[in-house]
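Dear colleague,

Please find the structure below for your records. My notes on its aromatic contacts follow.

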Amino acid sequence: MRRRDLIGAMAACGLLAACGSEPGSSGAAGKGTNTLRYKMTVEVDTPHGIKSGYAIRELTRRRPSDSLGIGQDRGSTKLRGDAVVVRLPDNREVFALLTGVSGDVNYSTQIIYWSELWGKPEGASLELYPAIPRMDSLDSGNALPMLVRFAVQNDSRTVEQLRPEEFERVFGAGVKIRRISVSITADPVTNFLENHLEGLGINKNESLDGDFRPTTRPTLAQKLGYNDFTREQ
């Protein structure tokens with residue numbers, strides 16, 4: 001774990017202990033576990049109207065002991081949920097991954113702890129785009145998820161990262177990211193990708209490039225894998 005991530009995780013534990021139970025959670029401060037669910041929604045303008053997708057994810061925080069000493073268990077945070085998929089006209093798809101725009105694999109667990117949604121009730125929301133909030137605790141300093149598409153739909157090796165300003169160039173005139181937002185919710189965790197990833201050639205415990213070999217300059221397909229699209233921890 002990188003030093004900044006470790007510091008962030010320790011700070012989050014401190015916030016949890018100080019603030020008590022999270023929205024939609026159970027358990028007393030300082031012991032047990034707490035859960036929190038959030039919904040990420042992505043909206044895209046197209047010549048055929050607004051197309052949108054969402055995913056509901058669940059964070060489970062296992063709290064450290066009340067008397068924390070050197071070498072003792074400091075607790076942990078686990079994530080359950082999927083990337084967001086938006087289905088555009090002509091059978092094209094865009095995914096908002098569990099990974100951050102700059103490749104931060106801890107993005108999907110940090111986004112709530114380090115946003116204005118911390119400690120807010122169910123229904124509270126925060127816009128991530130077009131008004132991008134500044135989050136200094138995220139390594140990237142950018143609250144956006146990584147957006148990707150597959151140039152060839154059933155070939156995971158053709159994955160491409162997309163910036164919001166590139167949508168018209170890639171998908172045609174009138175196709176633009178309209179809004180990306182997150183909100184606190186108590187709704188069930190979604191599982192929209194369960195039967196979809198295999199068709200894209202994305203397999204457990206593998207990178208998107210199944211022929212991956214160690215290299216000093218990995219491609220995006222070699223960097224990304226199954227856990228960037230769904231996690232079942």
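F167 and F171 stand four residues apart in helix α3 (residues 167–171), so about one helical turn separates them; helices (H or I, at least four residues) and strands (E, at least two) are DSSP runs, numbered from the N terminus. The model is predicted: local features need pLDDT of at least 70, side-chain atom pairs count only at pLDDT 80 or more, and totals for chains, interfaces and linings use all residues. Residues are numbered from 1 along each chain as its sequence is written, and side-chain values use heavy atoms, with hydrogens and water left out.

The whole structure contains five aromatic pairs (rings of Phe, Tyr and Trp, the last by its six-membered ring, with centres within 6.5 Å; planes under 30 degrees apart are stacked, over 60 edge-to-face, the rest tilted). One of them, F95 with F229, is edge-to-face, at 5.5 Å centre to centre and 75° between the planes. Because F95 lies in strand β5 (residues 92–100) and F229 in the loop between α4 (220–223) and β10 (230–232), this pair ties together parts that are 134 residues apart in sequence. F95 is buried at 0% relative accessibility (buried means under 20% relative accessible area, exposed over 50%, partly exposed in between; 1.4 Å probe, protein chains only). F229 is likewise buried, at 0%. The F167 and F171 rings form a tilted pair, with centres 5.4 Å apart and planes at 55°; F167 is buried at 0% and F171 is buried at 7%.

Yours sincerely
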